[in-house]
Amino acid sequence: MTTLIAPSILAADFANLQRDIEMVNKSEADWFHIDIMDGVFVPNISFGMPVLKAIAKHANKTIDVHLMIVDPDRYIKTFADLGANILTVHYEACTHLHRTIQAIKAAGMKAGVALNPHTPIAVLEDVIADLDLVCIMSVNPGFGGQSFIENTYKKVRQLKHLIEFSKSDCQIEIDGGVTNKNAAALTEAGADVLVAGSYVFGSEDPLATIADLKTM
Ligand code: DX5
Ligand code: ZN
């Protein structure tokens, strides 16, 4: 199976958002990765519901929403109504993670959990069978354009073991600092989905950059 590529719209040109969405539509990318930040869970505010609504109107691929917000339970139905196909919450933001995962699925979406760089894979042992996606943060969440944290490879391998051991069909997503320098090694370690923001949108030819990532 080839690696799925999920361009992060955080790095798009917001004054030319429709143009950038159309670029992803016609590219070899698989998903739209949408970063929602609240300025509380992470030290940055990105964009919210009206912008996601506008994106969903034009996007013709899976919408993968990454919530970097406290108390995400409050907004599960809202994101389902806005067109999210996958909803990922942070382990560190959920007191009752099992309940949150069930609520995401009950709302008709696939359920993902993201782990900050300091959070060990082992915390997912008792929910892995319920998950559709685990997002391993390879930077500290909050900003695009940061450097990839090398410890990520070890976590991908550990997560791959956990998934195989539990016979889960959960996908492994890597988010932060993904480039052509680490994409092949991440796939080799077991990654299924690579998020790439600044590397794609900051490149001369985003279509070619996506196509290139796809071959790794
Ligand atoms: C970081 C976000 C990422 C970010 C990735 O908090 O979750 O999705 O947009 O951007 P790059 O690929 O530039 O590191
Ligand atoms: Zn993200």
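This is a short tour of the structure above, stop by stop, with something to select at each one.

Before you start, note that this is a predicted model, in which local features need pLDDT of at least 70 and side-chain atom pairs count only at pLDDT 80 or more, while totals for chains, interfaces and linings use all residues. Residues are numbered from 1 along each chain as its sequence is written, and chains are lettered from A and ligands numbered from 1 in the order in which they are written.

**Stop 1: the ligand**

Select ligand 1 and show what surrounds it. How many residues surround ligand 1? There are 22, and the closest are Ser8, Pro141, Gly144, Gly197 and Ser198. (A residue is near a molecule if its C-beta atom, placed from the backbone, lies within 6 Å of it.) Two or more shell residues come from each of β2 (31–37), β8 (193–196) and α7 (198–201). Those labels are DSSP runs numbered from the N terminus: helices are H or I with at least four residues, strands are E with at least two.

**Stop 2: a listed binding site**

Now pick His33, Asp35, His66 and Asp175, which UniProt lists as "binding site" in an unreviewed entry. (UniProt positions are given in the numbering used here, feature names are shortened, and annotations may be inferred rather than shown by experiment.) They span 143 residues in sequence, yet no two of their C-alpha atoms are more than 10.5 Å apart, so they gather at one spot.

Zoom in on His33, in strand β2. Is His33 buried or exposed? His33 counts as buried, because it has 28 C-beta neighbours inside 10 Å. The cut-offs, with C-beta atoms placed from the backbone, are 20 or more other C-beta atoms within 10 Å for buried, 12 or fewer for exposed, and in between for partly exposed. Leaving out residues up to four places away in sequence, His33 touches Ala6, Pro7, Ser8, Ile9, Asp64, His66 and Val195. (Contact means C-beta atoms, placed from the backbone, within 7 Å.)

With neighbours within four places set aside, Asp35 is in contact with Ser8, Leu10, Ser46, His66 and Met68.

**Stop 3: more listed positions**

UniProt (unreviewed entry) also places "binding site" at a set of positions including Phe143 and Ser198. Phe143 is in the loop between β6 (133–137) and α5 (152–165), and is partly exposed, with 17 other C-beta atoms within 10 Å. Ser198 belongs to helix α7 and counts as partly exposed, with 18 C-beta neighbours inside 10 Å. Beyond four places in sequence, Ser198 touches Ala11, Gly144 and Gly145.

**Stop 4: helix α8**

Select residues 206–214, helix α8, whose buried residues are Pro206, Thr209, Ile210 and Leu213. They cover an arc of only 100° around the axis, which puts them on the same side of α8. (The arc is that of the directions from the helix axis to the C-beta atoms.) These buried residues pack against β1 (4–7), α1 (17–26), α6 (183–189), β8 and α7.

**Last stop: Val89**

Finish at Val89 in strand β4 (residues 86–90). Val89 counts as buried, with 28 C-beta neighbours inside 10 Å. Not counting residues up to four places away in sequence, Val89 touches Leu67, Pro72, Cys94, Thr100 and Val113.

Key. Contact = placed C-beta atoms within 7 Å.
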